[in-house]
Amino acid sequence: MTFRKIYSIARAVALAALFLLPVPCSAGAAEPVAAPARQPRKNCTHTYVFRNDRSIHRLDPDAPVGHTNLFLDVNMLAMENGDSVRIPLETVDSVVFRTEDVPWIWIDLPENPDMEQLVEKDKYLKGFITLKGNGYVDDFGPWPMNIKGRGNSTWDAPKKPYRVKFDRKVAMGGFPKMKNYVFLANYYDGTAVKNELALWLARRIGVRFPNHTLPCELWFNGHYKGLYQITEKIGISGASVDIDEETGMLFELSTEFDEPYQFRSAVYDLPVMVKDPDLAEICGENPGLGTPEEYLERWQADWNRAESLVAEGRAFEAFDLDSFVDYFLLYNVMGNREIGWPKSLYIHKRTIGEECRYEFGPAWDFDICMNTKQVFGDYVVIKEPDLPMWLNPMFEVLVEYDEFRRAYRKKVEWFVEEVYPEMVAYLDSFTGFIEPAARLNGPLWPGHKNWVMVDDTRDIRDNVAEIKEWLALRVPYLLTEYLPAE
């Protein structure tokens, strides 16, 4: 008997034996391609076949996966969306069985069944929302809701962000009860992790009223729309900025300058808008506050007094030092330079007057940060890890205070020693969790060159490796700047 015959027999026996072995079912566990399951995987949420040509198959969890030819290893037979598919084995990297997976969301509009995408940003449409938790969160719905578009520049992208509003507060996807849910499209982020990572870090280092998140895959009237991220709508509420709306204020500093009640600040000419509360509603319910215009005038005077103290060297009599340190550290670690415009910069205060300080937060909008590749004509410029922050005029003054620099230095050293390793570990864990959804998102919204170079989410592992390299250089740089006086 020749060696080739002995090898063929031994190989056939070994492969046949694999059909008799039980196949474990665990979140994120990769099985060798040559170990097919003989029984339906009742405890599995999904099965994925990762291929080396950037594609991925999501398989029916109740259908066996196996070789169609044990001797030739020509194909892998599986079920995907109810159809049999044959996958050349030379294209297969791994097979992954999961007990927990990214939740699925269906948004259905019975009154607009032919609509494939929202086309009007500000018009609410009636419909129903259903969530399948996939072992990660509880199922929810179908539940009646209203939906409209949201965002500024992100609304102009082909992948639309949404705002879902319920008639009353409901708890969905592990969030506390609230009426408004935001669905971020993250169209400009080829890593699909930047907002998630930033908001995790905000919670970890103590930024005031940080948002929580839930990744999901979304279908709109039956049309697959890819990977989304659910989070709270920023505003004064128990689920977001938990202060008394009858006495407190949430300002947004943003160049959009598009809210009904707004002003330019007296000292630093900042675009200050009332994000919450609704002044017309609050003043209507509390006549003692005067008209909305009169109430705004008092808050404008309060803000201008705070800015004057900044200019006089008494900034932290008006602005909370600890909240500024936490807020600034977050933006500096992530290289989010939008505070320079400023854009989406939130500052709140619990009550008007000198006895209360303004606090910084919540944090928002991190899809364009870190190693963003910005396009200038034929040139692509990467934001380098040692790029200094771009600051608005008031922040330029605040970071020069020695009391800020002393507190900031202690916080940076703590971050580098304790939080940064946790941050990298979380990034790896979250990337693994959303990888199948990100790779399914890629063909629908492929990488492209716009005003920024958008990487393809099918390459999520490579894209995340790039931001890890960026972070590894950014962290030492943080220790070299904003040093306190000797």
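Q: How many of the six residues of strand β2 (residues 46-51) are buried?
A: This is a predicted model, where local features need pLDDT of at least 70, side-chain atom pairs count only at pLDDT 80 or more, and totals for chains, interfaces and linings use all residues. Residues are numbered from 1 along each chain as its sequence is written, and side-chain values use heavy atoms, leaving out hydrogens and water. Strands (E, at least two residues) and helices (H or I, at least four) are DSSP runs numbered from the N terminus, while buried means under 20% relative accessible area, exposed over 50% and partly exposed in between, with a 1.4 Å probe and protein chains only. β2 is largely enclosed by the rest of the structure, because the buried count is six of six.

Q: Which residue in the turn between β2 and β3 has a positive phi?
A: β3 (residues 56-59) pairs with β2 over four bridges, antiparallel, and Thr47 faces Leu59 there. The two strands make a hairpin with four residues between them. The positive phi, about 80 degrees, belongs to Arg54.

Q: In the hairpin of β20 and β21, which residue takes a positive phi?
A: β20 (residues 373-376) and β21 (residues 379-382) run antiparallel with four bridges, and Gln374 sits opposite Val381. Two residues lie between the strands. The one with phi near 65 degrees is Gly377.

Q: Which backbone oxygen does the side chain of Asn221 reach?
A: Asn221 sits in the loop between β13 (213-220) and β14 (223-232), yet it counts as buried because its relative accessible area is 14%. A polar contact here is a pair of N or O atoms within 3.5 Å; within protein, one must be able to donate a hydrogen and the other to accept it, and residues adjacent in sequence count only if both atoms are side-chain atoms. One polar atom of this side chain lies 2.8 Å from the backbone nitrogen of Leu109. The oxygen in question, also at 2.8 Å, is that of Asn112.

Q: Which strands stand at the edges of the open five-stranded sheet?
A: The order is β16-β17-β15-β18-β19, with antiparallel pairing.

Q: Is Ala266 buried or exposed?
A: Ala266 lies in the loop between β16 (262-264) and β17 (271-276). Contact means heavy atoms within 4.5 Å, and beyond four places in sequence Ala266 touches Asn304 and Glu307. With a relative accessible area of 58%, Ala266 is therefore exposed.

Q: What is the relative accessible area of Ala306?
A: Ala306 belongs to helix α4 (residues 292-311). Leaving aside neighbours within four places in sequence, its contacts are Ala318, Phe319 and Tyr358. Ala306 is buried because its relative accessible area is 0%.

Q: How many disulfides does the count come to?
A: A disulfide is taken as a pair of cysteine sulfur atoms within 2.5 Å. Cys356 is buried at 14% relative accessible area, and Cys369 is buried at 0%. By this rule the count is zero.

How values were computed:
Pairing = 2+ DSSP bridges.
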